[in-house]
Amino acid sequence: MEIDFPPYQLSSQLRGHEDDVRGICVCDNVGIATSSRDRTIRFWTLDQTDNRDYTMSKILLGHTSFVGPLAWVSPNEQFPEGAIVSGGMDTHVLVTNLGTGENVRTLKGHKLQVTGVTLDGSDIVSSSVDCARVQTRNPGPLDALEALPFSKWLLLHPRIANLSLRDSLVVSIRLWALTGQTLMEMVGHTSIVYSVDAHTSGFIVSGSEDRFAKIWKDGVCVQSIEHPGCVWDAKFLENGDIVTACSDGVVRIWTIRQDKIADSLALESYASLLSQYKCSRKSIGGLKLEELPGLEALQIPGTSDGQTKVVREGDNGVAYAWNMIEHNWDKIGEVVDGPEDSMKRPVLGGTQYDYDNPYATADKWLLKENLPLSYREQIVEFILQNSGQRDIALDSSFCDPFTGSSAYVPGEPSNKSAVSTKPSFKHVPKKGMLVFDVAQFDGILKKISEFNNTLLTDQEKSNLSLTEVDISRLFAIAKILKDTSHYHSSKFSDVDIALLVKLLKLWPLEMIFPVIDLLRMIVLHPDGATILLNHVYERNDILMELIQKATASPLPANILTSIRAVTNLFRNSSYYPWLQKHRGEILDAFSSFYSSSNKNVQVAYSTLILNYAVLLIEKKDQEGQSQVLSAALEIAEEENLEVDSKFRAMVAIGSLMLEGLVKRIALDFDVENIAKVAKASKDTKIAEIGADIELITKQS
């Protein structure tokens, strides 16, 4: 599909921010507001002497951490020059009078970073990883009316779909109907898409971590505008020009109008900036190209035979070895990285390095290039030193692929070889699921019997009581569950599970916790879990019904047993699809109990979070990982929590970060400070997991 339109070109660059520009707000025809990590909002107005340029007219302060989303309040009686609504990392939403620069309102209520703000009539709608909130602007102080999970607000407030939410991060763009139907998917970005905006012309612009702002028409990418850093936001002006916010701290205007395109000097300067940026990012065998010495370095003699040196020749890195006999540098070959540094191995003369077997690679390359095998150790050393594998451990199991003998390593016994060393972590990644598999069956049965006697003496509820046969059946169920050594062969009948389901549905809310506790153990039994699954996939899902019932009128005993029961589902992979499908509902239902005064509830909830982290890492579910990360960070930041609860939450954080998909989100939420505080803990395991997370943050 061909779309004929003049390409967007640079019009102007707005400089003033001292850190990443994170957000853009087009303020009608009044000007442009931008937000930044430098904790400021800056307001730009069109330069009256040059229609291509903008002048910074105001700096708005008030946030105590970096500022993100912005919204515009058009001029009115209260704000003659308009106002800016802003959300920040400090969890606050501020309303700032543009005319006076005064913060006239501070909206509190979010527990995590504010990720989006918009206006809906007289309301301000704000979103965060924790929830979305609607707050009234008029009259009087801004008060929080209600806070609900984002998934529920999306149904009640379609306008909130315009907000930029962290747990919606993807590398593609989708166009949705209000019915929820996907109308179109636009694929082209190679990293996270942070912003999307549409124009009345039908064009769409998107900004991404891949450093490009892409312009789309009818689902086709018609232009990619390269930037020297992450494009955090991109917006259309009314006239069709585009504004972009970049991590290099510069706001840029792009246009298709010939009279607004920057002069040739500015265009050449920007092209040079891109070239310098790419050069600074390019690596050669694990080394930055810009840091390599030039050819003049070869004028300095080597100090030992076979010493290797990599020098910059144009845009390439070339390896040389010192020849002590001829007293000169022999050219070994060009060293380059593959197209994706993090995904491909570096190559030497067109051959990929084999980190696990550098000796085999060296021998094959020497034979191919018809060079003497005496260069073998020089090439191995070159591969190890110039592919980022500087610190190596030696593996005695290596055998020379040609002679069958062990490799020679200078200064070491000949039975060792080089293997790359990986960072060592104490507690991550977490493997396997944690469950609550200890139960006091006598106490459970005793409590059920007590409640049953209460029902028998209540004329209005006596019809809910158990028969003697039912009581006998419950004792038989407990007997099977106690005999863990025969879980592989023992069986339950359908009526056993049906009895428990009946009690969960019909018994009074205050009496169901011992039944839930029995169900918690049932799901650990292979046959019991299989039979229960039939009641999960029926029209009335018994587990979701249980969660809703337990959290509707939160009694501590019901909350504890229900969280533990759901946590135990992770033992059986048959429940994984159900756990993924209902992840949002489950976490939303239990999220408010992480700081319960009941220490057992705290630990149960953090264990649920940890199990979800393990599952979603395995399933590579980035959206799910983002939500779980947010929940875990909330626990880790709380001061007065049970040690085991905090520890499990931090293991979840470390495991999710090690996977890499949501590491940037964790860094944005100041996980480095969380790790620093944990390292100083008097509790050994908290200090250890803090050290693990700190090490992960330092990894590239």
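The exercises below work through a predicted model of a single chain.

**Exercise 1. The chain as a whole**

Task: State how many helices and strands the chain has, and what share of its residues is buried.

Solution. 
- Step 1. The secondary structure consists of 19 helices and 31 strands.
- Step 2. Of the 700 residues in the chain, 51% are buried.
- Step 3. The exposed surface comes to about 32,900 Å², with carbon and sulfur atoms supplying 49% of it.
- Step 4. Among contacts with a separation of 6 or more, 53% join residues 24 or more positions apart.

**Exercise 2. Helix H11**

Task: Compare the span of helix H11 with the expected span, then find which helices its buried residues pack against.

Solution. 
- Step 1. H11 covers residues 556-568, which is 13 residues.
- Step 2. From first C-alpha to last, H11 reaches 18 Å, close to the 18 Å expected at 1.5 Å a residue.
- Step 3. A residue counts as buried under 20% relative accessible area. In H11, 11 of the 13 residues are buried, so the helix is mostly covered.
- Step 4. The buried residues include Ile-559, Leu-560, Ile-563 and Val-566, and also Arg-564 and Asn-568.
- Step 5. They pack against H8 (513-522), H10 (542-552), H12 (576-581), H13 (583-590) and H14 (599-618).

**Exercise 3. The nonpolar cores**

Task: Identify the residues with the most contacts inside the largest nonpolar core, and list what Trp-507 touches.

Solution. 
- Step 1. The largest nonpolar core has 105 residues, and those with the most contacts inside it are Leu-474, Trp-507, Leu-579 and Ile-586.
- Step 2. Helix H14 gives the most to this core, with 12 residues.
- Step 3. Another core, of 14 residues, lies apart from it; Val-205, Ile-215, Phe-236 and Tyr-270 are among its members.
- Step 4. Not counting residues up to four places away in sequence, Trp-507 touches Ile-448, Phe-451, Asn-452, Leu-455, Leu-464, Leu-466, Lys-502, Ile-512, Val-515 and Lys-549.

**Exercise 4. Ala-649**

Task: Decide whether Ala-649 is buried or exposed, and name its contacts.

Solution. 
- Step 1. Ala-649 is found in helix H16 (residues 643-659).
- Step 2. Because its relative accessible area is 0%, Ala-649 is buried.
- Step 3. Leaving aside neighbours within four places in sequence, Ala-649 is in contact with Ser-606, Ala-632 and Ile-635.
- Step 4. Ile-635 is 14 residues from Ala-649 in sequence, and their C-alpha atoms are 6.4 Å apart.

Conventions. Residues are numbered from 1 along each chain as its sequence is written. This is a predicted model: local features need pLDDT of at least 70, side-chain atom pairs count only at pLDDT 80 or more; totals for chains, interfaces and linings use all residues. Side-chain values use heavy atoms; hydrogens and water are left out. Helices (H or I, at least four residues) and strands (E, at least two) are DSSP runs, numbered from the N terminus. The expected span of a helix is 1.5 Å times one less than its number of residues. Buried means under 20% relative accessible area, exposed over 50%, partly exposed in between (1.4 Å probe, protein chains only). Contact means heavy atoms within 4.5 Å. A nonpolar core is a set of buried Ala, Val, Leu, Ile, Met, Phe, Trp, Tyr and Cys residues joined through side-chain atoms within 4.5 Å. Accessible areas come from the Shrake-Rupley method with a 1.4 Å probe; for residues, only the protein chains shown count as cover.
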